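Visitor: Hello! Could you walk me through this structure, one question at a time?

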Amino acid sequence: MSTMTADGTRRATHVTSPYRLNFLRTLRSEWIKIATLRSTWWSIGITALLTVGIATLIASTVSAADQFPMIQAVVSPIQFTMLLAGILGAISVTGEYSTGMIRSTLTATPVRGMVLTAKAVVLAALLFIASLVIFFGAALVITPIAESKGLGLDWSDFDVTIRPILLASAAMAVFALIGVAFGFILRSGAGAIAATVGLLFVLPIVSMTFTMAGDAWQWIAEASRYLPMSAAQYAINPVPDGADGLTPEVAYLALAAWVAAGMLGGWAVLRTRDA
């Protein structure tokens, strides 16, 4: 910027902005971008419908003779809604690449690690809070059905009822972060979605076929326990002592490792490639 002096010459002047780049402002920017996308609210709405619908269906089909833990009706839908969480994470990143907005984002926030961290924090928090509300809503919906069958939810027992809901909500945030990681690594909407669906849904199904192939392939079945969906199930529904499977602590570490590996991979790609 320049100003005209008395003798007719121009003199450069600098205007100092009162605003400074920081992480909180980057968080706010990422929240505005995610909150203004229709796909965000469509995904959350569909997740709510699927969760409540599947929970109601399960609660309606079981009987008191089954001795079915009714909280499982509430959290079991994540086997399907995990795909919505992962896809939402992927398109929240690849949408910026497809429209070219990523260049504006990185110009405004040149610290690329801050961009990745802010987007991951906002999306994970959104999915966790939204899932928490949805799961508690599903629990309220099926409560009359459960009580009519003598299978009511025991809200006084944290480990039996509240803990599974909290862990299922956290798992949804993890699935979203996996989608974010693939979005930054691949930068292609189709590619990131395919990779996310493959890791969350296809690989667990493929690994199940090896359990019937004999002892020679047993290592594949054992390795599949560390896949995100399997680890989430072991975390939400701990296996009895002495049973085959992951302990809750190992399941937590497996989920944390998937998030850490994905974020590091996304950061490595983001900081070394042009937008």
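Guide: Gladly! One definition to begin with: an axis is a line fitted to C-alpha atoms, for helices over the stretch in contact, and angles run from 0 to 180 degrees between N-to-C directions. Please keep in mind that this is a predicted model.

Visitor: How are α4 and α5 oriented to each other: roughly parallel or roughly perpendicular?
Guide: Start with the angle: α4 and helix α5 (residues 101–108) pack at about 100°, and their axes are 5 Å apart. Angles of 65 to 115 degrees count as roughly perpendicular. Therefore α4 and α5 are roughly perpendicular.

Visitor: Which residues of α5 meet α4?
Guide: By class, this contact has three nonpolar, two polar and one charged residues. On the α4 side we find Glu96, Tyr97 and Thr99. Their partners in α5 are Met101, Ile102 and Thr105.

Visitor: How are α7 and α11 oriented to each other: roughly parallel or roughly perpendicular?
Guide: Helix α11 (residues 248–272) packs against α7 at an angle of about 25°, with the axes 8 Å apart. Angles under 35 degrees count as roughly parallel. The two helices, α7 and α11, are therefore roughly parallel.

Visitor: Which word describes how α7 lies to α8: oblique or parallel?
Guide: Helix α7 (residues 158–186) and helix α8 (residues 189–210) pack at about 140°, and their axes are 8 Å apart. Angles over 145 degrees would count as roughly antiparallel, and 65 to 115 as roughly perpendicular. With the angle given for this pair, α7 is therefore oblique to α8.

Visitor: How many charged residues are in the contact of α7 with α8?
Guide: The crossing of these two helices, α7 and α8, is right-handed. From α7 come Phe175, Ile178, Gly179, Phe182, Gly183 and Leu186, and from α8 come Gly191, Ala192, Ala195, Thr196, Leu199 and Leu200. By class that gives eight nonpolar and four polar residues, and the number of charged ones is: no charged residues.

Visitor: Which helix supplies the largest share of the lining of the largest pocket?
Guide: The largest pocket holds about 370 Å³ of space. Of its 18 lining residues, Pro204, Ile205, Met208, Ser230 and Gln233 lie nearest the centre. Helices α4 (78–99), α8, α9 (218–223) and α10 (228–236) each supply at least two lining residues. The largest share, six residues, comes from α8.

Methods
Residues are numbered from 1 along each chain as its sequence is written. This is a predicted model: local features need pLDDT of at least 70, side-chain atom pairs count only at pLDDT 80 or more; totals for chains, interfaces and linings use all residues. Side-chain values use heavy atoms; hydrogens and water are left out. Helices (H or I, at least four residues) and strands (E, at least two) are DSSP runs, numbered from the N terminus. A crossing is left-handed if the near helix is turned anticlockwise from the far one by less than a right angle, and right-handed if clockwise. Contact means heavy atoms within 4.5 Å. Ala, Val, Leu, Ile, Met, Phe, Trp, Tyr, Cys and Pro count as nonpolar, Asp, Glu, Lys and Arg as charged, and the others, Gly among them, as polar. On a 1 Å grid over the protein atoms alone, a cavity is a set of points where a 1.4 Å probe fits but cannot get out, and a pocket is an open set with protein on both sides within 12 Å along at least five of seven lines; lining residues have an atom within 4 Å of a point. Grid points are joined across faces, edges and corners, and a volume is the space filled by probe spheres set on the points.
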